[in-house]
Amino acid sequence: IRIYFNIAKVRSKAKNYQEAVNLCSLGINLQQLNDSFLGLENLLYEKAYNLHKLNKTKDAEEYYFYAAAMAKLNKNEITIETISKNIKEYGLMHYKY
């Protein structure tokens, strides 16, 4: 699963945001099939970031919410801080469910 995250990051840095979103979605789907939550927040975060870059604000807000929730469950403080910083920096709203 980590390989999907790493390749998505590379594609994102190359400004291939849609390809990065697709790779994250594949990784997320695989983790769901395997009932695995380990590191899921990283894929969700990367997908949110790339959705934002594609100007898909509502979708980005939703995936930042999922990433934050998974990071909280997995006690990943670094990802939680990064998500909070991104939401403020990009002027996004916290997801309302």
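## Salt bridge and charged residues

The structure, a predicted model, holds one salt bridge, a term used here for a side-chain nitrogen of Lys or Arg within 4 Å of a carboxyl oxygen of Asp or Glu. That salt bridge joins the side chains of R11 and E19, with an N to O distance of 3.2 Å. R11 has a relative accessible area of 23% and is therefore partly exposed, and E19 counts as partly exposed as well because its relative accessibility is 37%. In this scheme buried means under 20% relative accessible area, exposed means over 50%, and partly exposed lies in between, with a 1.4 Å probe and protein chains only.

E46, found in helix α3, is buried yet has no salt bridge, and the nearest side chain of opposite charge, that of K9, is 5.1 Å away. When neighbours within four places in sequence are left aside, E46 is in contact with F5, A8, K9, S12 and C24, where contact means heavy atoms within 4.5 Å.

## How the model was read

Residues are numbered from 1 along each chain as its sequence is written, and side-chain values use heavy atoms, with hydrogens and water left out. Because this is a predicted model, local features need pLDDT of at least 70 and side-chain atom pairs count only at pLDDT 80 or more, whereas totals for chains, interfaces and linings use all residues.

## The nonpolar core

The largest nonpolar core has 22 residues, of which L44, Y45, Y64 and I83 touch the most other members. A nonpolar core is a set of buried Ala, Val, Leu, Ile, Met, Phe, Trp, Tyr and Cys residues joined through side-chain atoms within 4.5 Å. At least two residues of this core come from each of α1 (2-13), α2 (17-33), α3 (40-53), α4 (57-73) and α5 (77-89), and α3 gives the most, with seven residues. The helices are DSSP runs (H or I, at least four residues), as strands are (E, at least two), and they are numbered from the N terminus.

L44 lies in helix α3 and counts as buried because its relative accessibility is 6%. Not counting residues up to four places away in sequence, L44 touches I28, Y63, Y66, A67 and M70, and the C-alpha atoms of L44 and A68 are 8.7 Å apart in space although the two residues are 24 residues apart in sequence. With residues up to four places away in sequence again not counted, I83 touches Y45, Y64, A67 and A68.

## Loops between the helices

The loop between α1 and α2 holds K15, which has a phi near 65°, a positive value in a residue other than glycine; K15 counts as exposed because its relative accessibility is 61%. K75, found in the loop between α4 and α5, also has a positive phi, of about 55°, although it is not a glycine, and its relative accessibility of 71% is why K75 counts as exposed.

N76 is placed in the loop between α4 and α5 and, with a relative accessible area of 17%, is therefore buried. Leaving aside neighbours within four places in sequence, N76 is in contact with E41, N42 and A71; the C-alpha atoms of N76 and E41, 35 residues apart along the chain, are separated by 8.4 Å. In the loop between α2 and α3 lies G39, which counts as partly exposed because its relative accessibility is 23%. Apart from neighbours within four places in sequence, G39 is in contact with Q31 and N74, and its C-alpha atom is separated by 9.4 Å from that of F5, 34 residues apart along the chain.

## A nonpolar patch on the surface

I1, L30 and L33 form a nonpolar patch on the surface, with about 270 Å² of accessible area together. Patches are made of residues with over 30% relative accessible area and no salt bridge, in which like charges are joined within 9 Å and nonpolar side chains (Val, Leu, Ile, Met, Phe, Trp, Tyr) within 5 Å. The accessible areas come from the Shrake-Rupley method with a 1.4 Å probe, and for residues only the protein chains shown count as cover.

Conventions: Lys and Arg count as positive and Asp and Glu as negative; His and the chain ends are not counted.
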